[in-house]
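Me: Please go through this model with me in short questions and answers. I would like each answer to end on the value or name asked for.

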Amino acid sequence: MKTIDAIITDSDGLRFLPPRASFVRRITVVIRSLYAWLDYLADRRRSRLALLEMTDEQLKDIGISRADAYREGIRPPWE
């Protein structure tokens, strides 16, 4: 479809056609996917910070040493 085909004439003058539904749908999917990915990264970061806040007894209960918790806690969320 050529650019000129997207413009139609009306009795009042020129008006533009609305965007295609498939384009809007694709943009919506991309935005939702990006939001889900950012939400996943935020959850991952919160859980790693929770490890850093645990006491030695709590870490022992789940079988993680303080050094392991620190190593995991300082990692960036995308790793």
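**Salt bridges and surroundings**

Reply: The structure holds 6 salt bridges. The model is a predicted one.

Me: What is the order of the elements of the chain from the N terminus on?
Reply: The chain has 3 helices and 2 strands. Read from the N terminus on, the order of these elements is β-β-α-α-α.

Me: How many residues apart are Asp 43 and Arg 46, whose side chains meet in a salt bridge?
Reply: The N to O distance of this salt bridge is 2.2 Å. Both Asp 43 and Arg 46 lie in helix α1. Their separation is about one turn of the helix, that is, 3 residues.

Me: Which helices hold Asp 56 and Arg 66?
Reply: The side chains of Asp 56 and Arg 66 meet in a salt bridge, at 3.1 Å from N to O. This pair links distant parts of the chain, the two residues being 10 apart. Asp 56 is in helix α2 (residues 56-62), and Arg 66 is in helix α3.

Me: What is the relative accessibility of Arg 66?
Reply: Asp 56 counts as partly exposed because its relative accessibility is 48%. Arg 66 counts as partly exposed too, and its value is 35%.

Me: What is the relative accessible area of Arg 75?
Reply: Glu 72 is partly exposed, with a relative accessible area of 26%. Arg 75 is partly exposed as well, and its relative accessible area is 28%.

Me: Why does Gly 73 count as buried?
Reply: Gly 73 is placed in helix α3 (residues 66-73). The cut-off for buried is under 20% relative accessible area. Gly 73 is below that cut-off and therefore counts as buried, its relative accessibility being 1%.

Me: Which residues does Gly 73 touch, not counting residues up to four places away in sequence?
Reply: Gly 73 and Ser 47 are 26 residues apart in sequence, with their C-alpha atoms 8.3 Å apart in space. With residues up to four places away in sequence left out, Gly 73 touches Arg 45, Arg 48 and Leu 52.

Me: What percentage of the residues of the chain count as buried?
Reply: The accessible surface of the chain comes to about 6,900 Å², and 61% of it belongs to carbon and sulfur atoms. Of the 79 residues, the share that count as buried is 9%.

Me: How much accessible area do the residues of the nonpolar patch on the surface have together?
Reply: One of its members, Leu 38, is found in helix α1 (residues 21-53). Leu 38 counts as partly exposed because its relative accessibility is 46%. Leu 34, Trp 37, Leu 38, Tyr 40 and Trp 78 form the patch, and together their accessible area is about 610 Å².

Conventions
Residues numbered from 1 in each chain as written. Predicted model: local features only at pLDDT ≥ 70, side-chain atom pairs only at ≥ 80, totals over all residues. Heavy atoms only, no water. Patch = residues over 30% accessible without salt bridge, like charges linked within 9 Å, V, L, I, M, F, W, Y side chains within 5 Å. Areas by Shrake-Rupley, 256 points an atom, 1.4 Å probe, with all protein chains shown as cover. Salt bridge = Lys/Arg side-chain N within 4 Å of Asp/Glu carboxyl O. Helix = DSSP H or I, 4+ residues; strand = E, 2+ residues; numbered from the N terminus. Buried < 20%, exposed > 50% of the residue type's maximum accessible area, 1.4 Å probe, protein only. Contact = heavy atoms within 4.5 Å.
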